[in-house]
Amino acid sequence: MTGATAASQRIVTPEAVILDLERAGVASRTLAFTIDILALGAVLVAIAFVVTQTVGNIEGIGGAVAAVLTSAGVVVVWFCAWETLWRGRTPGKAALGLRAVSQDGTTIRFQQAFVRAAVGLIDIFIPPVGFTAVVSALLSPRDQRLGDMAAGTLVVRERSAQSLVVPAWFSPPPGYEGYVASLDVSALDDDAYGLVRTFLMRYAQLTPGAREHLALRLANPLAVRMDHSPPRWLHPYMFLVCLAAAWQRTHGAPAPAPPAWR
């Protein structure tokens with residue numbers, strides 16, 4: 001297992017947009033999990049101490065069952081809470097520069113984090129500990145353990161992904177400055193903007209049919225998330241350009257010279 005390396009292939013979304021994300025290998029994921037288990041062990045010891053001081057020792061079968069159920073619940077809550085609130089990271093993943101994402105590269109959702117954690121009780125903690133998770137990840141073409149397969153997630157190297165991103169500035173198309181200024185992009189996260197950015201950067205490489213299809217597939221859910229209804233005359237591609245410009249303006253990107261739009 002120590003010889004496992006991170007996969008070098010890039011992730012491709014269902015819309016065939018290539019994302020520069022590198023999947024994490026078994027070795028780095030195992031080390032990240034070990035860090036989490038050490039931290040989680042400290043939490044469990046603290047909980048056991050509080051319970052012992054409060055209600056005393058619980059002996060017999062009832063005590064054993066309670067201890068197992070409590071431990072399982074804490075494990076699920078630990079991983080689910082961290083990955084939901086910290087955008088796919090746990091302390092162990094953050095230390096190794098990893099994070100869990102949806103298969104299309106977007107931020108992991110609560111339901112996905114819960115499924116990953118719940119199934120993890122089986123593929124990670126069933127004896128021999130970690131064997132099922134390691135074998136499933138090694139056999140999977142996308143380095144997914146059973147929890148990833150059930151939740152539709154991947155674990156990627158966040159630092160290497162960021163190092164591959166090059167600056168790209170999007171100016172409001174001439175005549176659309178007011179519309180860009182009116183867009184409220186606060187409901188969108190970095191991953192949503194990343195998808196738009198990737199599509200716009202690779203727009204010229206796509207066939208005309210793929211451009212139309214992908215622009216619509218990206219624009220509709222983003223408009224719904226923003227609770228915004230674009231004008232009927234506004235092409236989905238142009239909406240995405242305006243959205244990218246609004247995002248960069250909101251997040252303090254420098255204003256470049258306007259390109260020659262056609």
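Q: Are Arg116 and Asp148 buried or exposed?
A: Arg116 is buried, and Asp148 is buried too. Buried means under 20% relative accessible area, exposed means over 50%, and partly exposed lies in between (1.4 Å probe, protein chains only). This is a predicted model, where local features need pLDDT of at least 70 and side-chain atom pairs count only at pLDDT 80 or more, while totals for chains, interfaces and linings use all residues. Residues are numbered from 1 along each chain as its sequence is written, and side-chain values use heavy atoms, with hydrogens and water left out.

Q: Why does Asp148 count as buried?
A: Its relative accessibility is 0%. The cut-off is under 20%. Asp148 therefore counts as buried.

Q: What makes Arg116 and Asp148 a salt bridge?
A: A salt bridge needs a side-chain nitrogen of Lys or Arg within 4 Å of a carboxyl oxygen of Asp or Glu. The closest N and O atoms of Arg116 and Asp148 are 2.8 Å apart, and the pair forms a salt bridge. Arg116 lies in helix H4 (residues 110–123) and Asp148 in helix H6, so the bridge ties together parts that are 32 residues apart in sequence. Helices here are DSSP runs (H or I, at least four residues), strands are DSSP runs too (E, at least two), and both are numbered from the N terminus.

Q: Which salt bridge do the side chains of Arg29 and Asp148 meet in, and at what N to O distance?
A: They meet in a salt bridge at 2.7 Å, N to O. Arg29 is in helix H1 and Asp148 in helix H6 (residues 146–151), so this pair ties together parts that are 119 residues apart in sequence. Arg29 has 15% relative accessibility, so Arg29 counts as buried.

Q: What makes Arg225 partly exposed?
A: Its relative accessible area is 41%. That value falls in the partly exposed class. Arg225 also forms a salt bridge with Asp189, with the closest N and O atoms 3.8 Å apart. Arg225 lies in helix H10 and Asp189 in the loop between H8 and H9, so the pair ties together parts that are 36 residues apart in sequence.

Q: Which residues do salt bridges with shared partners join into one network?
A: Arg29, Glu83, Lys93, Arg116 and Asp148 are joined this way. The structure holds eight salt bridges.

Q: Why does Ile61 count as exposed?
A: Ile61 has 68% relative accessibility, so it counts as exposed. Ile61 is in helix H2 (residues 60–85). With Val65 and Leu69, Ile61 makes a nonpolar surface patch of about 330 Å². Patch residues have over 30% relative accessible area and no salt bridge; like charges are joined within 9 Å, and nonpolar side chains (Val, Leu, Ile, Met, Phe, Trp, Tyr) within 5 Å. Accessible areas come from the Shrake-Rupley method with a 1.4 Å probe, and for residues only the protein chains shown count as cover.

Q: What makes a set of residues a nonpolar core?
A: It is a set of buried Ala, Val, Leu, Ile, Met, Phe, Trp, Tyr and Cys residues joined through side-chain atoms within 4.5 Å. The largest such core here has 33 residues, and Leu188 and Phe199 are among those with the most contacts inside it. H11 gives the largest share, eleven residues.

Q: Which residues is Ala192 in contact with, leaving aside neighbours within four places in sequence?
A: Ala192 is in contact with Leu222 and Arg225. Contact means heavy atoms within 4.5 Å. Ala192 is in helix H9. Its relative accessibility is 6%, so Ala192 counts as buried.
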